[in-house]
Amino acid sequence: MINQRIVFLLWVASFVVLTDQVTKHLVHTGMVYGSSIPLIPGLFDLTHVHNPGGAFGFLAGQSELIRKIVFIFVSGLATLMILYFYHRTPMNFLWLRTGLALIFGGAVGNMTDRIRFGYVIDFFDVYWKTWHWPAFNVADSAICVGMGIFVFHVLFKKLPEGF
């Protein structure tokens, strides 16, 4: 019998990965690289960009081989850590399990791009006048929401015993 905990993880992570990969495919095939579609003029566009680096372009200037090795290793390690923490999280900690599953799904979504393309496809572009937040995607959003849930649990001491 499949463990209920694993089923939940797979549902949440699969939803994140599927949504992430479908939206990236639509951007990759439906928009010219570098083009933008204003959704909320002066605030939010869809912009097709590639991020060969990590968060905020970290290591973007390194060779593709170095980036692949570093980011796939780090993503793999992070994924294993998330699975470890998820396994140790009791069933009654639904929000914490959800947060960890979101992080896991986001990591898998971005790791999929790195393996396929050597870069991550980003497209959400939030800006104000000349200030731009770095472009991001569905996987990045899931990771941020999941981390927010995790940080909430840490700050308010709502972690399970032995975590």
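Asp113 and Lys24 meet through their side chains in a salt bridge, 3.1 Å from N to O. Keep in mind that this is a predicted model. Asp113 sits in helix H3 and Lys24 in helix H1, so this pair ties together parts that are 89 residues apart in sequence.

Lys24 has another partner. It forms a salt bridge with Asp20, where the closest N and O atoms are 2.8 Å apart. Here both residues belong to helix H1, 4 residues apart, or about one turn of the helix. Asp20, Lys24 and Asp113 are therefore linked in a network of salt bridges. The structure holds 2 salt bridges.

Now the nonpolar side. The largest nonpolar core has 14 residues, and those touching the most other members are Leu9, Ile82, Tyr86, Leu100, Ala101, Leu102 and Phe104. Helices H1, H2, H3 and H4 each supply at least two residues of this core. H3 gives the largest share, 6 residues.

Take Phe104. Apart from neighbours within four places in sequence, Phe104 is in contact with Leu9, Ala13, Thr79, Ile82 and Leu83. There is also a second, separate core of 9 residues, including Val27, Phe44, Phe123 and Val138.

That is what I have.

Methods:
Residues are numbered from 1 along each chain as its sequence is written. This is a predicted model: local features need pLDDT of at least 70, side-chain atom pairs count only at pLDDT 80 or more; totals for chains, interfaces and linings use all residues. Side-chain values use heavy atoms; hydrogens and water are left out. A nonpolar core is a set of buried Ala, Val, Leu, Ile, Met, Phe, Trp, Tyr and Cys residues joined through side-chain atoms within 4.5 Å. Buried means under 20% relative accessible area, exposed over 50%, partly exposed in between (1.4 Å probe, protein chains only). Contact means heavy atoms within 4.5 Å. A salt bridge is a side-chain nitrogen of Lys or Arg within 4 Å of a carboxyl oxygen of Asp or Glu.
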